[in-house]
Amino acid sequence: MRPVEIAPGIYNVGVRDWNIRDFHGYSTYLGTTYNAFLIIDEKITLIDTVKSDFTDEMMANISRVIDPKKIDVIISNHTEMDHSGGLPHLMSVIGPDKPILCSKMGAKNLAAHFGNDLKYQPVADGEAINIGKRNLKFIETRMLHWPDSMFTYAVEDKILFSSDAFGQHYAGSETFDDEVGELIMPHAKKYYANILTLFSDLIQKLLKSVAESGLEIKTICPDHGIIWRKDPGAIISAYNDWSLQKTDQKALVLYDSMWHSTEIMADEIVSGLLATGVKAIPMQARKWHRSDVMTEMLDAKALIVGSPTLNNNIFPALMDVMTYIKGLKPSNRIAASFGSYGWSGEAANLLATELENMKFKVVEPALRVKYIPDTASRDLCFEFGKKMGEHIKAS
Amino acid sequence: MDKYVCTVCGYVYDPAEGDSEGGIPAGTAFADIPEDWTCPVCGASKDDFEKK
């Protein structure tokens with residue numbers, strides 16, 4: 001990818017990673033981008049770098065705009081290696097004495113990654129520097145989503161460089177929101193669900209403090225995906241809804257099956273839910289990627305999870321995704337469990353305990369069916385789905 | 001002595017261990033930690049901790 005001028009004198013010198021399909025366990029069907037931003041002013045400034053494998057491409061991009069040796073200041077909004085990987089090589093080219101501005105925790109974390117020889121210069125929340133015609137202000141966003149995370153705001157341009165917030169794992173041919181349109185929102189939603197759900201309370205606080213400070217935001221430049229220049233309000237408003245953990249009248253029926261019996265139960269439960277007018281999304285654990293399951297979980301009021309009993313236990317594929325959901329801590333949800341079994345049948349009850357451990361409110365006793373569901377059992381499952389639909393509508 | 005958990009990142013302060021990096025010797029009760037001490041994991045302030 002060649003550099004793109006995103007505002008007069010400000011370039012995206014980052015790269016597109018067209019071919020990545022697994023980003024630490026997150027399925028990236030359309031790749032991702034590592035954005036890095038070069039500001040040409042009296043002091044030439046670079047905000048963030050790229051994953052180490054792409055360092056040469058980033059250096060080539062910078063060279064197409066300016067001699068990299070002329071860079072005066074580096075700003076590191078986030079230590080995670082998809083944004084800092086290019087730093088050691090960059091510093092060896094431009095001179096290791098150039099200042100790297102970062103948060104207090106950023107200085108600690110960067111030193112832990114790259115040693116103490118570089119010149120980390122911590123900045124405080126609200127602090128600003130002047131780079132010539134422009135002032136750059138720093139906003140600490142601790143634990144969004146690492147201890148070191150921060151935003152950089154270009155005051156005169158009204159551009160927010162938002163690091164991992166407001167991003168999407170998307171490597172299309174477009175650069176801006178107006179070029180890709182509504183199609184970008186599902187990617188932004190998946191990104192929030194899988195990266196930021198856990199930090200929803202902190203995001204609520206941040207959005208409130210940004211609104212109160214009256215910060216005018218014309219453009220948002222995240223470190224992944226497209227740049228929001230036409231309607232930055234759309235993604236801020238979506239973050240407000242997601243961080244409030246707003247849910248729809250929707251149930252996620254997550255299950256797995258050995259000989260189709262638990263699958264038949266799931267199908268009847270979905271029918272029961274639909275009969276009450278509630279949206280129901282069936283997802284078989286071994287057929288869906290955990291990060292897509294989490295995306296559906298983001299606005300589902302209920303998680304209904306089903307497993308056959310394998311060796312007196314829950315199917316492993318379900319525990320993979322349950323562990324994943326548990327870590328992201330969706331809150332204010334209801335739940336129930338079900339499952340077919342051959343002899344002892346522990347799985348459905350074990351799942352109910354797991355759901356309680358995940359702080360979901362279990363609203364129905366676990367539903368169990370021995371061997372293949374007959375007509376009467378099918379009706380029980382249908383009624384179970386209807387009951388769950390009524391719980392969803394009532395909550 | 002009670003353990004305290006950081007509401008920002010989940011780090012648990014255990015008085016039995018203290019925080020050697022932050023200069024807090026083992027055996028120091030949470031209440032006796034100086035007010036300017038910060039979470040060794042995420043940098044949150046002492047106010048951000050809750051009793052576990």
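In chain A, take the contacts with a sequence separation of 6 or more: 72% of them join residues 24 or more positions apart. Keep in mind that this is a predicted model.

Let me stay with chain A for a moment. Its C-alpha atoms fill a box of roughly 80 × 40 × 35 Å along the principal axes. It has 13 helices and 24 strands. Of its 395 residues, 58% are buried.

Now one strand. Look at strand 24 of chain A, residues 367-370. One face is covered, with L367(A) and V369(A). Who is the neighbour? Strand 22 of chain A, residues 334-341, runs parallel to strand 24, and four bridges join the two. In the pairing, V369(A) is the bridge partner of S340(A).

Next, one residue: Y26(A). It sits in strand 5 of chain A, residues 26-27. Is Y26(A) buried or exposed? Its relative accessibility is 3%, under the 20% cut-off, so it counts as buried.

What does Y26(A) touch, beyond residues up to four places away in sequence? The list includes R21(A), H169(A) and H187(A). K190(A), Y191(A), N194(A) and I195(A) are on it too. H289(A) and S291(A) are also among these contacts. R290(A) is 264 residues from Y26(A) in sequence, yet their C-alpha atoms are 7.7 Å apart.

Last stop, the interface. Chain A gives seven residues to the contact, and chain B gives ten. Together the two chains bury about 610 Å², with 54% of that on carbon and sulfur atoms. Which three residues of chain B supply more of its buried area than any other three? They are V8(B), C42(B) and G43(B), and they supply 54% of the area that chain B buries against chain A.

What about charge? There are two salt bridges between chain B and chain A. One of them pairs K108(A) with E21(B), and the closest N and O atoms are 3.4 Å apart. By class, the chain B side that touches chain A has six nonpolar, two polar and two charged residues.

That is the tour. Questions, please.

How values were computed: Residues are numbered from 1 along each chain as its sequence is written. Chains are lettered from A and ligands numbered from 1 in the order in which they are written. This is a predicted model: local features need pLDDT of at least 70, side-chain atom pairs count only at pLDDT 80 or more; totals for chains, interfaces and linings use all residues. Side-chain values use heavy atoms; hydrogens and water are left out. Contact means heavy atoms within 4.5 Å. Buried area is the accessible area (1.4 Å probe) that two parts lose on being put together, summed over both. A salt bridge is a side-chain nitrogen of Lys or Arg within 4 Å of a carboxyl oxygen of Asp or Glu. Ala, Val, Leu, Ile, Met, Phe, Trp, Tyr, Cys and Pro count as nonpolar, Asp, Glu, Lys and Arg as charged, and the others, Gly among them, as polar. Buried means under 20% relative accessible area, exposed over 50%, partly exposed in between (1.4 Å probe, protein chains only). Two strands pair if DSSP finds at least two bridges between them.
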